[in-house]
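Subject: Handover of a structure and findings

Dear colleague,

Please find below the structure that I am handing over to you. The findings follow directly after it.

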Amino acid sequence: GRDKAVYLYPHEHYPWWAGQLDRDELQPGQFGENLTSTGLLEDAVHVGDRFRIGSVVVEATQPRIPCFKLGIRMGDPAIVKRFLDSGRTGIYFRVIEPGQLQDGDTVDPIHTDPAQPSIRDVWQTGFFNSGDAAAVRSILAAPALADAWRSQLAAQLTRLES
């Protein structure tokens, strides 16, 4: 869908995974990402941050929640839970302006807003601080939050407040 049009995974996570999985052959794209990049980590990118890559403009919307396909791709069904628990989720983006990009293009920030929740905040609240109503409200206030996360967190807040 539109909130998950582009999946970016930080190259910085590859050495950690190589050690965890005892595998040296991890290559860019290993985790199913469309883009592998350096410098965009989950704790530094906020919901609604926009970047230009080539002539494409993207907007951060949510962390990745892995599904069984990652287990198939990696040949290890247990990787799905390990991936989620690690917090090394990568970032989904919606496309604001379509265009062209190619290998080697820089990722240039257009708009960043540290007052918005980080991608890591969304992951942390959704899975580990699910009882923190104030954190849930803060994330729900982010206008660019993906619709699926908005629905999930709104339901979570309703349960907390009832």
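Helices (H or I, at least four residues) and strands (E, at least two) are DSSP runs, numbered from the N terminus. Arginine 52 is found in strand 3, and this account returns to that residue below.

This is a predicted model, in which local features need pLDDT of at least 70 and side-chain atom pairs count only at pLDDT 80 or more, while totals for chains, interfaces and linings use all residues. Residues are numbered from 1 along each chain as its sequence is written, and side-chain values use heavy atoms, with hydrogens and water left out.

Six strands form an open sheet in the order 2-1-5-4-3-6, with mixed pairing; two strands are said to pair if DSSP finds at least two bridges between them. Its edge strands are strand 2 and strand 6 (107-111), each of which pairs on one side only. From one strand to the next, the twist averages 40 degrees. Here and below, axes are lines fitted to C-alpha atoms, for helices over the stretch in contact, and angles run from 0 to 180 degrees between N-to-C directions.

Strand 1 (residues 6-10) is mostly covered, as five of its five residues are buried. Buried means under 20% relative accessible area, exposed over 50%, and partly exposed in between (1.4 Å probe, protein chains only). Val6, Leu8 and Pro10 point one way from strand 1, while Tyr7 and Tyr9 point the other way. Strand 1 runs parallel to strand 2, and three bridges join them; proline 10 has serine 37 as its bridge partner in strand 2. With strand 5 (residues 91-97), strand 1 pairs in the antiparallel sense over three bridges, and there the bridge partner of leucine 8 is isoleucine 91.

Strand 4 and strand 5 also pair in the antiparallel sense, over six bridges. Within strand 5, glutamate 97 stands opposite valine 57.

Strand 3 (residues 50-53) pairs with strand 4 (residues 56-63) in the antiparallel sense over four bridges. In strand 4, glutamate 59 is the bridge partner of arginine 50, and valine 56 is that of isoleucine 53. Two residues lie between the strands of this hairpin, where glycine 54 takes a positive phi near 60 degrees. Strand 3 pairs with strand 6 as well, again antiparallel and over four bridges, and phenylalanine 51 stands opposite proline 109 in strand 6.

The covered face of strand 3 carries Phe51 and Ile53, and the uncovered face carries Arg50 and Arg52. Why does arginine 52 count as partly exposed? The reason is that its relative accessibility is 32%. Leaving aside its neighbours within four places in sequence, arginine 52 is in contact (heavy atoms within 4.5 Å) with Val57, Glu97, Thr106, Val107, Asp108 and Ile110. The C-alpha atoms of arginine 52 and tryptophan 16, which are 36 residues apart along the chain, are separated by 27 Å.

The helices

Helix 4 (residues 119-127) and helix 3 (residues 79-86) have axes that come within 10 Å and cross at roughly 115 degrees. Leu84, Asp85 and Ser86 in helix 3 meet Arg120, Trp123 and Phe127 in helix 4. By class, this contact has three nonpolar, one polar and two charged residues. For these classes, Ala, Val, Leu, Ile, Met, Phe, Trp, Tyr, Cys and Pro count as nonpolar, Asp, Glu, Lys and Arg as charged, and the others, Gly among them, as polar. Helix 4 also lies across strand 4 and strand 5, running at about 25 degrees to strand 4.

The pockets

On a 1 Å grid over the protein atoms alone, a pocket is an open set of points where a 1.4 Å probe fits, with protein on both sides within 12 Å along at least five of seven lines; lining residues have an atom within 4 Å of a point. Grid points are joined across faces, edges and corners, and a volume is the space filled by probe spheres set on the points.

The largest pocket has a volume of about 240 Å³. Its lining includes Leu8, Ser37, Ile53 and Val107. Strand 2 (residues 35-37) supplies the largest share of that lining, three residues. The lining of the largest pocket divides into five nonpolar, five polar and two charged residues.

The second largest pocket holds about 180 Å³ of space. Of the 13 residues that line it, Arg64, Ile65, Pro66, Cys67 and Tyr92 are the closest to its centre. Helix 2 (residues 68-74) gives the most to this lining, with three residues.

With kind regards
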